[in-house]
Amino acid sequence: MIIELERGRQATLDQIRDLAVRFGNRVELSEGTGVYDTVHIIGDSREFASRESYILGLPGVRAAWQPTGGYKNIARVVRGNEGKALHRERRVVEVKGLDGKARRFGGGNGKHIFVCGPDSPQTLEQTLATARMAREVGEKFGILDRVMLRGGAFKPRTRPTDWRGLGMKGIAIMDAAREETGLPYVTEVMDHNLVEQIGAHADMLQIGTRNAQNFDLLESVGRFGKPVILKRGFGNEAEEWFYSAEYIANQGNLDIVLCERGMKTLYTKGGYCRNQPDLNACTHARKQTILPIIFDPSHVAGDHRIVAENLMAACGHLVDGSITETVHTEAWRREQLCDAGQALVMDQYSILVEAVLEYENHVAPRMKTILRMLGTD
Ligand code: PEP
Ligand code: MN
């Protein structure tokens, strides 16, 4: 539920908060541009909403909005009693680094967040080298507050005999990369029993495509509360993906970044397309939800030679960021035990970052004007 409240009404805010806590909800206040702020009741707010007439009677409350769709916490458009539509602000999800800088995904600010690093940390030396280069890219373009690391220590693999990551040893390597560079990192969690253990280290948790409808895991990450990247299940409709996000939000965690990583369709071993990118889903997510949306060009491509154009294509859909698999140098590619063929060498990645920034500065503003004219921004 969303409540519009006159700014400065602290006593009413306290009453709303008390009621929310009583029903197991969390309250978040977003400052509006006028004299009203919005109070968001996060989680399953059905019981809270049953007290609507009491809430509407509190001093300073102008209106209460009940999202009508199924994904109540994350819906972009909500409707009031009389059917009037309210477009909610897009949400910013912040991930802080040891360097004291916050990486801010989304909010419609047009600033692309660059997540890069190995599919999986294998050795300290390799991971540190990649992390240092990621930091250099951030410094070179003056966007250090927009760069962060990735690296899955717990790997979901199709074949049980394939290498499945270093587990907690891999997490220790990612910790060391963060320690040295100050960059925060995201890592995958596959098991709801491990959320606290991994989450105690990671700055952000990733739910992979294979677990996009693992409801125990979604809820566990929702309860844990750290920011999450939720990849779209490779066979999921957009709606199913949003409902998965709602599973997390329903537990009180709205710090969710949606990630499009392609659908399973016509994989050819010759390698023109590992997963079919569904770019329209990025636009759809922006219109239907308040959540930031990022794109994974690596798992879409399956081949490092077609990563760049996939990412540039996603920029046309005004994504809020990307997560790209990278290796330090070409010489190290053959040592990669997972997804080696699709990793970009860091020097190439640096050029791609520059291209995305050029797009962001010169083309994206025009794109936004066009979308506004078409009514689809
Ligand atoms: C990954 O990011 O390395 C990964 C396994 O991604 P996905 O879940 O999208 O396949
Ligand atoms: Mn991978």
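**Exercise 1.** By class, how many nonpolar, polar and charged residues does the lining of the largest pocket have?

*Solution.* Start with the model: it is predicted. Next, take the volume: the largest pocket holds about 790 Å³ of space. Then take the lining: 30 residues line this pocket, and R157, T158, R210, R274 and D339 are the closest to its centre. Now sort by class. The lining has 14 charged, 11 polar and five nonpolar residues.

**Exercise 2.** Find which elements give two or more residues to the lining of the second largest pocket, and which one gives the most.

*Solution.* The volume of the second largest pocket is about 530 Å³. Its lining counts 23 residues, with S30, E31, G32, T38 and E89 closest to the centre. Four strands qualify as giving two or more residues: strand 1 (2-6), strand 2 (26-30), strand 3 (36-42) and strand 6 (85-87). Strand 3 gives the most, with four residues. By class, the lining splits into nine charged, seven polar and seven nonpolar residues.

**Exercise 3.** Identify the buried residues of helix 11, and explain why they are on the same side of the helix.

*Solution.* Apply the cut-off: buried means under 20% relative accessible area. In helix 11 (residues 307-315), V307, N310, L311, A314 and C315 are buried. These residues span an arc of only 150° around the axis, so they are on the same side of helix 11. The spacing follows a general rule: an α-helix has 3.6 residues a turn, so residues three or four places apart point the same way. Last, list the cover. The buried residues of helix 11 are covered by elements including helix 9 (279-288), helix 10 (297-301), helix 13 (346-374), strand 15 (293-295), strand 16 (321-327) and strand 17 (344-345).

Key
Residues are numbered from 1 along each chain as its sequence is written. Chains are lettered from A and ligands numbered from 1 in the order in which they are written. This is a predicted model: local features need pLDDT of at least 70, side-chain atom pairs count only at pLDDT 80 or more; totals for chains, interfaces and linings use all residues. Side-chain values use heavy atoms; hydrogens and water are left out. On a 1 Å grid over the protein atoms alone, a cavity is a set of points where a 1.4 Å probe fits but cannot get out, and a pocket is an open set with protein on both sides within 12 Å along at least five of seven lines; lining residues have an atom within 4 Å of a point. Grid points are joined across faces, edges and corners, and a volume is the space filled by probe spheres set on the points. Ala, Val, Leu, Ile, Met, Phe, Trp, Tyr, Cys and Pro count as nonpolar, Asp, Glu, Lys and Arg as charged, and the others, Gly among them, as polar. Buried means under 20% relative accessible area, exposed over 50%, partly exposed in between (1.4 Å probe, protein chains only). The arc is that of the directions from the helix axis to the C-beta atoms. Contact means heavy atoms within 4.5 Å.
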